[in-house]
Protein chains: 2
Amino acid sequence: MELYDAMSSLRAVRRLRPDPIDTVTLERIYQAAIWAPTGGNVQPWRLVAITDAAKKQALAALYAPRWKDYSANYRERIDHLGEEAKARAERTLDAGDHLAANMGQVPVIAVFCFNPSLMALTDSEQARPTVVGGGSVYPAVQNLLLACRSEGVGCVLTTLLCMDEPAVKELLGMPEDWYTCAHVPMGYPVGGGYGPINRRPVAKMVYRNAWGSS
Amino acid sequence: MELYDAMSSLRAVRRLRPDPIDTVTLERIYQAAIWAPTGGNVQPWRLVAITDAAKKQALAALYAPRWKDYSANYRERIDHLGEEAKARAERTLDAGDHLAANMGQVPVIAVFCFNPSLMALTDSEQARPTVVGGGSVYPAVQNLLLACRSEGVGCVLTTLLCMDEPAVKELLGMPEDWYTCAHVPMGYPVGGGYGPINRRPVAKMVYRNAWGSS
């Protein structure tokens, strides 16, 4: 698939069929993630691909109450939106409800893990939340999402389960110094799946030489 | 360009020519970054594209001593490597020296900024460095890198300047609640530029249902 076609139609797909994804397709998707750059080429991340029914159910059971809280808060915040934006947000929330109810039945949940002791965290001294560790793992996550798009596999980047990291680490048998940063349910779309996306224009996102200057 | 071709040949390109990149090409690259997903589609990032000579020189002046420290430390750590791995690391370090010496002459330095107050930092309660904020900006960085690859523009993801964030914020006139997370020098390659990359195999990076299980 052409690069810009993949990027421009990669939208979150939350209604996923339980049908399995064949091994060869999955290998191509995992290979794409591995191609991503990491700081010093250390590759301080691993992916645990969950296909086991009991483990998927356990993750779904952790996810459901987190989604309930998050979506209730989100529903309150969309009240002030215009009609079109509100309708769009409600469709997203409905799809999120569907995902939460069916998380245990998707064919694969990809859990991305990372080890901060293998990373040069250049923003660790700043008086704000660190993000730089993410620079050595979310590029791999993005490659995986783009590869899913290319293969016709629906997916969405979620992070709510990071709130239950200790339980997830125990479920997956993870070592003490490894942590979790993304959970990507994957499966063939129930409906049309991918398509147009809604983003701000370049002039709103890219400044020239100084903040606010277009 | 085909998606997997772009991903599998996206290597760090640190020897960049000073020749300008035309506006239309740059717009396509910025558009690609904007297509990336963000939590709740909030798009809590901005890019400041630096082409001004004085500002590029100022960033280069901050970068040079940081690279000197980082690379000195890196050079010590490669002493124990085998011949091939050591030679590869030395080529990377030499290219990094070239970049540090020429950072002020590249046509564009893309500075990615983010606002953590616009992000749901689901790992903020965990007793380890947070990374989840990176999930709403490094996918955009990765899209930009892949777009550069597709356009034949060399680039490399750097984060060393996060150590000088207060100085960078002042230089760019950034608001208090916005921060920096990646600095991507961009330019046409001096040499061949893109090509084969060196990564671990899938079996070493992807586990099945439990940590360490292939």
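This is a predicted model: local features need pLDDT of at least 70, side-chain atom pairs count only at pLDDT 80 or more; totals for chains, interfaces and linings use all residues.
User: What makes the relation between chain A and chain B a two-fold axis?
Analyst: The same surface serves both copies, as 100% of the contact residues of chain A recur in chain B.

User: How many residues of each chain are in contact, and what makes a pair count?
Analyst: A pair counts if the C-beta atoms lie within 7 Å. By that test, 77 residues of chain A are in contact with 77 residues of chain B. On the side of chain A that touches chain B, α5(A) gives the most, with eight residues. By class, this side has 46 nonpolar, 20 polar and 11 charged residues.

User: Why is α5(B) called largely enclosed?
Analyst: A residue is buried if 20 or more other C-beta atoms lie within 10 Å of its own. In α5(B), 14 of the 14 residues are buried, so the helix is largely enclosed by the rest of the structure.

User: How do you know what span α5(B) should have?
Analyst: At 1.5 Å a residue, the 14 residues of α5(B), residues 138-151, should span 20 Å. The end C-alpha atoms are 20 Å apart, which agrees. Gly152(B) follows α5(B) and has a positive phi, near 75°.

User: What makes β5(A) and β1(B) a pair of strands?
Analyst: Pairing needs at least two bridges, and three bridges join β5(A) to β1(B), residues 45-50. The two strands therefore pair, and they run parallel. Tyr207(A) stands opposite Val48(B) in β1(B).

Technical notes:
Residues are numbered from 1 along each chain as its sequence is written. Chains are lettered from A and ligands numbered from 1 in the order in which they are written. Helices (H or I, at least four residues) and strands (E, at least two) are DSSP runs, numbered from the N terminus. The expected span of a helix is 1.5 Å times one less than its number of residues. A residue is buried if 20 or more other C-beta atoms lie within 10 Å of its own, exposed if 12 or fewer, and partly exposed in between; C-beta atoms are placed from the backbone. Ala, Val, Leu, Ile, Met, Phe, Trp, Tyr, Cys and Pro count as nonpolar, Asp, Glu, Lys and Arg as charged, and the others, Gly among them, as polar.
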